[in-house]
Amino acid sequence: MLTWLRDFNYQQNGEFMESLDRGQEPPLFLSARDVNDEVIGGLQGSFLHQWLRIDVMAVSSNYRSMGVGRLLVTEAERMAVDRGCRSSYVATMSYQAPDFYRRLGYREVGCLPNWDSHGHDKHFFMKDLA
(Lines give C-alpha, C1' and ligand atoms only; values in the text may rest on other atoms or scores of the structure.)
Protein backbone atom coordinates (compact mmCIF):
# COMPACT_ATOMS: atom_id res chain seq x y z
CA MET A 1 0.00 0.00 0.00
CA LEU A 2 2.76 2.51 0.89
CA THR A 3 4.56 1.59 -2.33
CA TRP A 4 1.48 2.64 -4.31
CA LEU A 5 1.40 6.00 -2.57
CA ARG A 6 5.13 6.54 -3.02
CA ASP A 7 4.93 5.62 -6.72
CA PHE A 8 2.02 8.02 -7.21
CA ASN A 9 3.83 10.82 -5.39
CA TYR A 10 6.95 10.30 -7.54
CA GLN A 11 4.83 10.50 -10.70
CA GLN A 12 3.10 13.68 -9.55
CA ASN A 13 5.99 15.47 -7.83
CA GLY A 14 9.27 13.65 -8.42
CA GLU A 15 11.46 16.64 -7.58
CA PHE A 16 9.88 16.92 -4.13
CA MET A 17 10.15 13.20 -3.46
CA GLU A 18 13.82 13.17 -4.50
CA SER A 19 14.50 16.03 -2.11
CA LEU A 20 12.91 14.00 0.69
CA ASP A 21 15.19 11.09 -0.17
CA ARG A 22 18.22 13.43 0.10
CA GLY A 23 17.01 14.55 3.53
CA GLN A 24 17.00 17.84 5.35
CA GLU A 25 19.87 19.80 6.81
CA PRO A 26 20.95 19.17 10.41
CA PRO A 27 18.63 20.72 13.01
CA LEU A 28 19.05 24.35 13.97
CA PHE A 29 19.83 25.14 17.61
CA LEU A 30 20.28 28.72 18.83
CA SER A 31 20.79 29.89 22.38
CA ALA A 32 20.80 33.27 24.09
CA ARG A 33 23.01 33.78 27.14
CA ASP A 34 23.27 36.41 29.83
CA VAL A 35 26.45 38.17 30.98
CA ASN A 36 27.27 35.16 33.18
CA ASP A 37 27.02 32.83 30.17
CA GLU A 38 23.81 31.25 31.53
CA VAL A 39 21.27 30.14 28.93
CA ILE A 40 18.25 32.47 29.02
CA GLY A 41 16.52 31.42 25.80
CA GLY A 42 16.69 29.09 22.89
CA LEU A 43 15.26 28.16 19.52
CA GLN A 44 15.16 24.79 17.82
CA GLY A 45 14.16 24.43 14.20
CA SER A 46 15.03 23.00 10.82
CA PHE A 47 15.45 23.92 7.16
CA LEU A 48 13.75 21.97 4.37
CA HIS A 49 12.43 22.88 0.92
CA GLN A 50 13.18 26.60 1.21
CA TRP A 51 11.35 26.70 4.54
CA LEU A 52 12.46 27.46 8.07
CA ARG A 53 10.40 25.53 10.59
CA ILE A 54 10.51 26.83 14.15
CA ASP A 55 9.82 23.83 16.40
CA VAL A 56 10.52 25.30 19.84
CA MET A 57 11.30 28.82 21.01
CA ALA A 58 11.44 29.60 24.71
CA VAL A 59 12.78 32.38 26.90
CA SER A 60 13.34 32.24 30.66
CA SER A 61 10.54 34.02 32.51
CA ASN A 62 13.08 36.49 33.97
CA TYR A 63 14.01 37.66 30.45
CA ARG A 64 10.66 37.79 28.65
CA SER A 65 9.58 41.05 27.02
CA MET A 66 13.22 42.13 26.76
CA GLY A 67 13.75 41.29 23.07
CA VAL A 68 15.46 37.91 23.57
CA GLY A 69 12.81 35.97 21.63
CA ARG A 70 12.83 38.55 18.85
CA LEU A 71 16.62 38.20 18.54
CA LEU A 72 16.41 34.41 18.38
CA VAL A 73 13.73 34.40 15.69
CA THR A 74 15.45 37.16 13.71
CA GLU A 75 18.73 35.21 13.72
CA ALA A 76 16.97 32.00 12.65
CA GLU A 77 15.29 33.91 9.81
CA ARG A 78 18.64 35.42 8.75
CA MET A 79 20.21 31.97 8.67
CA ALA A 80 17.25 30.68 6.68
CA VAL A 81 17.59 33.41 4.05
CA ASP A 82 21.34 32.64 3.80
CA ARG A 83 20.37 29.03 3.00
CA GLY A 84 17.92 30.08 0.32
CA CYS A 85 14.74 29.74 2.37
CA ARG A 86 11.84 31.87 1.24
CA SER A 87 9.40 31.27 4.08
CA SER A 88 9.11 30.39 7.76
CA TYR A 89 6.41 28.63 9.74
CA VAL A 90 5.57 27.90 13.33
CA ALA A 91 2.74 26.40 15.37
CA THR A 92 1.89 27.76 18.82
CA MET A 93 -0.87 27.34 21.35
CA SER A 94 -3.32 30.13 22.18
CA TYR A 95 -1.77 30.50 25.67
CA GLN A 96 1.77 30.60 24.33
CA ALA A 97 2.86 33.13 21.72
CA PRO A 98 0.41 33.92 18.89
CA ASP A 99 0.67 37.67 19.47
CA PHE A 100 4.47 37.47 19.63
CA TYR A 101 4.62 35.94 16.16
CA ARG A 102 2.07 38.44 14.81
CA ARG A 103 4.30 41.28 16.03
CA LEU A 104 7.21 39.70 14.12
CA GLY A 105 5.24 39.80 10.87
CA TYR A 106 3.87 36.27 10.85
CA ARG A 107 0.35 35.77 9.57
CA GLU A 108 -2.05 33.13 10.78
CA VAL A 109 -2.80 30.51 8.14
CA GLY A 110 -4.78 28.04 10.23
CA CYS A 111 -6.22 27.18 13.60
CA LEU A 112 -7.35 23.96 15.26
CA PRO A 113 -9.96 24.94 17.87
CA ASN A 114 -9.77 23.19 21.22
CA TRP A 115 -6.76 21.21 19.97
CA ASP A 116 -5.77 20.04 23.46
CA SER A 117 -9.37 19.21 24.45
CA HIS A 118 -9.02 21.72 27.30
CA GLY A 119 -10.22 24.82 25.45
CA HIS A 120 -6.91 25.91 23.90
CA ASP A 121 -6.46 26.45 20.19
CA LYS A 122 -3.40 25.57 18.11
CA HIS A 123 -2.42 28.38 15.72
CA PHE A 124 -0.31 28.01 12.58
CA PHE A 125 1.69 30.98 11.30
CA MET A 126 3.91 31.67 8.32
CA LYS A 127 6.08 34.53 7.12
CA ASP A 128 7.55 35.34 3.74
CA LEU A 129 11.29 35.84 4.14
CA ALA A 130 12.35 36.66 0.57
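## Salt bridges

In this predicted model, D37 and R33 form a salt bridge, with their closest N and O atoms 3.8 Å apart. D37 is partly exposed, at a relative accessible area of 48%, and R33 is also partly exposed, at 44%. The count of salt bridges comes to eight.

R102 takes part in a salt bridge with D99, where the closest N and O atoms are 2.8 Å apart. Both residues belong to helix 3 (residues 98–103) and sit three residues apart, about one turn of the helix. R102 also meets E108 in a salt bridge, at 2.7 Å from N to O. Relative accessibility is 37% for R102, 47% for D99 and 33% for E108. A network of salt bridges links E75, R78 and D82.

## A buried lysine without a partner

K122 lies in strand 6 (residues 122–128). The residue is buried and has no salt bridge. D55 is the nearest side chain of opposite charge, 9.6 Å away. Leaving aside residues up to four places away in sequence, K122 touches A91, T92, M93, G110, C111, L112 and W115.

## Strand 4 and its neighbours

Strand 4 (residues 87–93) is mostly covered, with five of its seven residues buried. Strand 4 pairs with strand 6 in the antiparallel sense over seven bridges; S87 has D128 as its bridge partner in strand 6.

Strand 4 also pairs with strand 3 (residues 51–59), in the parallel sense and over four bridges. Here L52 has S88 as its bridge partner in strand 4. Together with helix 2 (residues 68–82), strands 3 and 4 make a right-handed β-α-β unit.

Conventions: Residues numbered from 1 in each chain as written. Predicted model: local features only at pLDDT ≥ 70, side-chain atom pairs only at ≥ 80, totals over all residues. Heavy atoms only, no water. Helix = DSSP H or I, 4+ residues; strand = E, 2+ residues; numbered from the N terminus. Buried < 20%, exposed > 50% of the residue type's maximum accessible area, 1.4 Å probe, protein only. Lys, Arg positive; Asp, Glu negative; His and termini not counted. Salt bridge = Lys/Arg side-chain N within 4 Å of Asp/Glu carboxyl O. Contact = heavy atoms within 4.5 Å. Pairing = 2+ DSSP bridges. Right-handed = clockwise from strand over helix to strand, strands pointing away.
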